[in-house]
Amino acid sequence: MRIRDLVGITELGLTLLAGEEHLDRDFTGVQITDLPDPGRYLSGGELVLSGLMWRNGPEDSERFVGRLAEAGVAALGAGSAWLGTVPDDLVRACRAHGLPLLAVPVEVSFRTVAEMVTPRHAELRDALGRHRRIVAAVAEGAGLPELFALMDEELAMAGAVVSATGALIAGALDRADAVRLAHEYLTAPRLPHAVRAPSGTFTLFGVGREHRAAGWALVCGGDLRGEADLGFELAACVALERTRMEEGRRVERRLAEQLIALARSAGSDPAELNAGLRTCGIGPAEPYSVVNATVARPGATRGPDPARLGGQILEELLRPRVVAAAGADGAVALAPLSGTAGELAETLRVGARALAAGLPGIRVSIGVSAALTGPSAIRGGAEEAGHARRLAEARGGGVVTSDEIYTHALLLATVPDDVRRSFAARTLDPLFDYDRRHNSDLVRTLGTFLDCVGSWNACAERLHVHVNTVRYRIRRVEELTGRDLSAMADRVDLFLALRAS
């Protein structure tokens with residue numbers, strides 16, 4: 001069928017907005033999609049019908065139309081129910097790529113268009129009807145519970161959403177399945193990914209374009225790899241709901257950012273701080289901790305901002321009550337305490353380990369302050385959490401609490417990396433060189449001797465060697481380093497050098 005013939009069907013009321021010179025082009029079928037990048041599911045020659053749910057800004061139109069043109073699509077039919085109109089940027093993009101653009105009236109369903117051109121394809125009509133009902137419900141504001149109810153009713157398919165850290169966002173899954181599926185989502189070389197578990201088979205689809213560490217996975221019951229377009233459409237519906245949720249959180253993040261900035265400023269008004277604390281959902285007598293986080297890929301020259309990604313992961317790990325403000329010194333969040341600060345840290349530690357196990361290339365660094373009460377404690381708590389986070393970064397990632405920073409470790413963490421490495425190298429390199437050349441054990445002996453507070457016998461017992469061997473090795477350490485291990489100052493220097501190496 002030609003585009004010209006389709007436009008000529010008066011019952012449809014289609015309006016040609018672009019591509020007048022291509023009206024004699026044939027199309028071979030109909031494809032309905034709201035995926036931002038549907039190219040992989042197109043074979044060429046189709047009439048694509050879209051409700052434009054993928055469009056968040058003008059730049060999206062050029063990207064979407066470009067993908068259609070690359071796939072050899074015959075024409076695009078655009079519905080205006082979602083945006084209220086067919087945007088000018090979409091018209092310009094279609095003209096630039098030579099793609100005919102048809103405006104589909106609000107009162108004409110995509111199902112009607114498909115029936116007009118493929119009246120015998122009953123299976124397609126049924127699929128269009130199911131798709132239309134689900135997408136229409138989401139477009140009208142249906143949340144995730146309603147979406148999964150429709151999936152069950154229309155498609156006889158169970159569904160759920162899990163975060164990358166194993167939290168169940170929506171749907172029904174037991175805890176063990178949620179954790180396992182989250183790990184499969186993190187480690188899958190590509191999505192969709194089918195998983196066979198004791199409780200059944202599931203297919204995982206990525207939701208939206210977030211970094212996988214902060215992402216969500218749509219879990220569909222059964223193996224949908226042969227019907228991946230359906231799964232991607234459902235994932236697009238979930239992504240739309242997440243976008244709605246994000247809109248509300250943007251305001252909360254700004255309020256949290258303002259509160260942190262106010263608490264750190266000199267002469268801040270206590271009444272204003274109290275009000276800011278309440279807007280973050282924390283009462284004046286309610287205990288809380290300040291949490292600071294970054295997530296980075298060491299050595300990578302490109303990638304997401306460590307503070308922004310750290311904030312996203314904090315919100316996922318501590319949902320639904322916590323929002324994080326991303327700044328120059330990491331993401332900062334005020335986390336209400338239902339238990340102790342140590343229990344909060346353990347919750348974060350479990351999530352950080354899950355991410356590290358699934359994405360070993362990233363480094364999750366989180367600092368947690370002591371339990372605090374009232375707005376006047378925010379400033380000190382933010383400083384504690386920041387120091388703890390920097391110590392976690394110095395250790396290569398993990399979760400550090402304020403209890404751990406009031407030691408020599410804090411001093412080392414605040415020293416620039418190059419200075420710390422230089423100090424360790426100048427102090428210990430003679431020992432490392434000697435051990436390499438003679439296959440000896442001076443460095444380990446030194447560390448054990450200091451851990452044993454200079455006790456010859458305790459050190460010998462721990463190393464399983466004779467005490468005279470320990471005495472000989474320590475003399476060699478003193479000769480090579482020029483240090484006297486009977487002097488406290490030299491012991492401290494060597495101890496710190498070992499910790500900094």
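Predicted model: local features only at pLDDT ≥ 70, side-chain atom pairs only at ≥ 80, totals over all residues.

Me: How many residues has helix H11, and how far does it reach?

Reply: Helices (H or I, at least four residues) and strands (E, at least two) are DSSP runs, numbered from the N terminus. The expected span of a helix is 1.5 Å times one less than its number of residues. Helix H11 (residues 341–358) has 18 residues and reaches 26 Å from its first C-alpha to its last, close to the expected 26 Å.

Me: Which residues of H11 are buried?

Reply: Buried means under 20% relative accessible area, exposed means over 50%, and partly exposed lies in between (1.4 Å probe, protein chains only). In H11, the buried residues include Ala341, Leu344, Ala345 and Leu348. Viewed down the axis of H11, the buried residues fall within an arc of 155° (taken from the directions from the helix axis to the C-beta atoms), so they line one face of the helix. An α-helix has 3.6 residues a turn, so residues three or four places apart point the same way.

Me: How many residues of helix H15 are buried?

Reply: In helix H15 (residues 442–451), 8 of the 10 residues are buried, and the helix is mostly covered. Just after H15, valine 453 takes a positive phi of about 55°.

Me: Which side chain does glutamate 233 contact?

Reply: A polar contact is a pair of N or O atoms within 3.5 Å; within protein, one must be able to donate a hydrogen and the other to accept it, and residues adjacent in sequence count only if both atoms are side-chain atoms. The side chains of glutamate 233 and threonine 33 are joined by such a contact of 3.1 Å. Glutamate 233 is placed in helix H8 (residues 228–264) and is buried, at 8% relative accessible area.

Me: How many aromatic pairs does the structure hold?

Reply: Rings of Phe, Tyr and Trp (its six-membered ring) pair if their centres lie within 6.5 Å; planes under 30 degrees apart count as stacked, over 60 as edge-to-face and the rest as tilted. The structure holds 4 aromatic pairs. In one of them, tryptophan 54 and phenylalanine 64 have ring centres 4.0 Å apart and planes at 15°, so the pair is stacked. Both tryptophan 54 and phenylalanine 64 are buried. Phenylalanine 449 and tryptophan 456 form a tilted pair, with 5.0 Å between centres and 45° between planes. Phenylalanine 449 is buried at 1% relative accessibility, whereas tryptophan 456 is partly exposed at 28%.

Me: Which charged end sits over the ring of tryptophan 456?

Reply: A charge sits over a ring if NZ of Lys or CZ of Arg is within 6 Å of the ring centre and within 35 degrees of the ring normal. Over tryptophan 456 sits the charged end of arginine 471, 4.7 Å from the ring centre.

Me: How many disulfides are there?

Reply: A disulfide is a pair of cysteine sulfur atoms within 2.5 Å, and the count here is 0. For cysteine 459, the nearest cysteine sulfur is that of cysteine 452, 5.3 Å away. Cysteine 459 is buried, with a relative accessible area of 0%.

Conventions. Residues numbered from 1 in each chain as written. Heavy atoms only, no water.
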